[in-house]
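Hi,

Here's the structure I promised to pass on.

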Amino acid sequence: MQSVALEEIQEQNGRRQAGLLLIASGFVMVNAVALSLAVDGALRWQHVWAPAVWLALMAGTHLILHRFKPRRDPFILPLVALLTGWGLVLIDRLAANFLARQVMWLVLGTAVLLAIAILPHNLRLLRRYRYTWLTGGLLLLAATLIFGVNPSGYGAALWLPVPLIGQVYFQPSELLKLLLIIFLASYFDERSAMLAVSRQNGWRGILTYLAPLLLMWGFCMVLLVWQRDLGAATLFFIVFLALLYMATGDGRFVLVGGGLLLLAGVFAYFAFDLVALRVDAWWNPWPDADDRAFQIVQSLYALAAGGVLGQGVGQGFPIYIPVVHSDFVFAAIAEEWGLVGSLGTVMIFTLLAYRGMRLALLAKRPFQRYLAAGITILISAQAVLIMAGVTKLLPLTGVTLPLISYGGSSMLISSAMIGLLLYMSGAVEEIGQ
Amino acid sequence: MKPEQPTGKTSQLLRVILVAFLAVALSLVFWTVFRGPAILARDDNPRRVEQELRIQRGRIFDLQRNVLAENAETAGIFTRIYPLPAASPVVGYYSLRYGTAGIEESYDAYLRGEPDNRWQAEMRQLLHRTQTGRDLQLTLDANLQAQADALLGARNGALLLLQLEDGQPDGSPAKILALASHPGYDPNFLDETFEELAADASAPLLNRVTQGQYQPGPVLQPFILAALLDQGIIALDEPVAHANRPVIVNGVATYCATPPPLEATWADVLAHRCPGPLQDLADRLPAANLAAAFDAFGLTEQPQLPLNTETAVSAPISKTTLALIGQDTLIVTPLQVGVAWAALATDGRLPTLQLVEGLQSETGDWVTSTPPPREPATAVTPVAAQTLRGALPRSGDIQTFSTLVLSGPDGSNNSWYLGLLPAGDQTYAVVVVLENNRNLAEVAQIGEGILTAVNGR
């Protein structure tokens, strides 16, 4: 009886995932064709090949997951597919010269996603060698001090050239996001109970209790000062605070951590021109609309020009926004797909967050719970930071919109995170049964 | 101390995430719906220019569907082209930098294809339709317009050619076949030359037909005499003493255009364009009646035309003796004179002016355009108009009235030519004025030239 019920669930999962992927495919292909018609007035292969590769990748991923991970969450892959497919259409629209490279990263990312999702004992390896992983990640980050470059030729040197492949770069801070979540999940898995009681042991206990918070804050400050990577530093700290709160249940951590974050922000404002510029442009961009606040003002014009229904793919003017294909891709969505498209994007990320946190809620083991929550919070926080920056709700932090924006390292690591969620979702459903 | 259930904290974090996404959603709604229209209207928004460049404006045709304005497209961006620059006084210009003028201005929304209502606007945005304007057909005749322009040549002045329908009690409109103003400009090079044109003392951007303000002088004579005939104050065969006596204005003596006979009548005064006897009428035609006559001929009202016809309002009559010879406060445009002249041609009925012949419907069909009806207005009775017309000098089939007008305190003159050419059921009326010109033969040559051209087309 039980095996019949399991088979039914597997079939139901397969049908759900296939149906949702079909909707995502329809959306992406229709938009690719519409882009071709809008830009060239005819259907051109140059606008369809990348979505076709994407379609093949997603179909293959669906079949492999259906075969090897039958109890996975059936909603995660379609949501991710919709974001990556939409992202390809946008990169073709906004920076077509980067399209081939992004497709290459998507192929790599899908391979990593599948490898992580279906290979056994992944989590055990991650837990056991957490210090090794983290040290490796930090070493890679440190290597940017010596070998770091910026592919655009200016700005912070946060990338490492990939050996033997010309013109391909990797951003260690992206990898570090994942490694840090793994480390923290493992750390809190082991130490949460100890942390909870340590505050009762006088000053020494309080120091032990606060040590992780101060250490993490110190690390983020180093990252901020050393690399000027405001976005990554903010994200690391937010994820850390959230997991610390999960582990200890102590709201004061959030208050103290929030205070430290604010303190770091004030310091950065006075210490770094880039941060001061972003804060000033956020507070009142209009007097400096043609110069220092040009990017955010053009972004607001894009939101306004899109209106409710949008200008239509290929028919707006998002290219007025500097680096629109990376940091401001959300503004391009708002301009060409309108409020419907931008709210749709918010909805997709919300659903992804819900499915991710659902995994954390259902997880039977603390490590899985922290890992699922950490990944979900990281993706959600990154999405919120950039979307809030684009809509002038928060100052810009210079992060990309996960799975949509151009960026190979981000695509690869986000795919790995999704692979972990899918891996854990299979386990959760299995346990749930 | 027992730690709290971890699922409770996870749920709280999920709620925080949901609230953060909700805040982003609200921010989106704020910028797109509530603040959107205001910030889109800002001058530094480059999308305004981009969208404007992508609007395919409707074409403008003449009466025979010759193109007067069309578009050239390069990579989705449209540039306006004017195959007949001589039509610029009517067609005007469309410039991203300097705006619009002429028909391009008055029919801007139509030519741009602006939606008629919010529903259409929303549907257009929903279906991502490009903004395409509709075509428009003028009453202008491109050949006649080109000839009018050529006839004026290098002279500064204005020319208006009207086509009037005879014997139609319902009042067919007077169609404008040609409307030329010199000096002019080439709208194809407006962006490059605008600053120079705007600074030019000879005012090439001014449409002299619709907005050029001229001292009327003896040009008023046919209308004043028609009003006097209408009121029974004079008769054309009534003798007039000393018809060729001088009239001194600003120290300058003016006489009849041609010597009248010694025993002259009012018909001779008209034929020889004598100013002196007109001043004697001050006793018989009070200022109020004279002002009413000017009003009746439409000389004090702004003609209704889809061009800029706005001019300064003339002050009330200060001296009747001067007003009778057109040297008082009344200032007229050639268009106003054209309306009054057309009234004489159509038995005293003030015509409605027509410049737009047809408009395109949304389905692409042409719909005849009728100018908005004006209040039925009669300047004089048909008898008075016919009697006056009968006394006008003739040059072949053309009834003419040409005269010099003292145009300023420096003694400069403008020469005017008013002509009527009956042709079957139609009459063509022309008004020509040349600035700083004392050669009546020259202005008559232009007037007769365009009437001959229209008759022979």
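B:Arg65 has a positive phi near 65 degrees, in the hairpin of E1(B) and E2(B), where 5 residues sit between the strands. (Strands are DSSP E runs of at least two residues, helices are H or I runs of at least four, and both are numbered from the N terminus.) It's a predicted model, so to speak of local features I needed pLDDT of at least 70, and side-chain atom pairs count only at pLDDT 80 or more, while totals for chains, interfaces and linings use all residues. Residues are numbered from 1 along each chain as its sequence is written, and chains are lettered from A and ligands numbered from 1 in the order in which they are written.

Strands E1 (residues 60–61) and E2 (residues 67–74) of chain B run antiparallel, joined by 2 bridges; two strands count as paired if DSSP finds at least two bridges between them. B:Phe61 is opposite B:Val67. E2(B) also runs antiparallel to E3 (residues 77–81) of chain B, with 5 bridges, and B:Ala72 faces B:Thr79 there. That hairpin has 2 residues between its strands, and B:Ala75 takes a positive phi near 50 degrees.

Then there's an open, mixed sheet of 7 strands in chain B, ordered E13-E8-E7-E19-E18-E17-E16. Its edges are E13 (353–354) and E16 (394–395) of chain B, each pairing on one side only. Helix H8 (residues 142–152) of chain B packs on the sheet, touching E7 and E8 (contact means C-beta atoms, placed from the backbone, within 7 Å).

Cheers

Notes
Two residues are in contact if their C-beta atoms, placed from the backbone, lie within 7 Å. Axes are lines fitted to C-alpha atoms, for helices over the stretch in contact, and angles run from 0 to 180 degrees between N-to-C directions.
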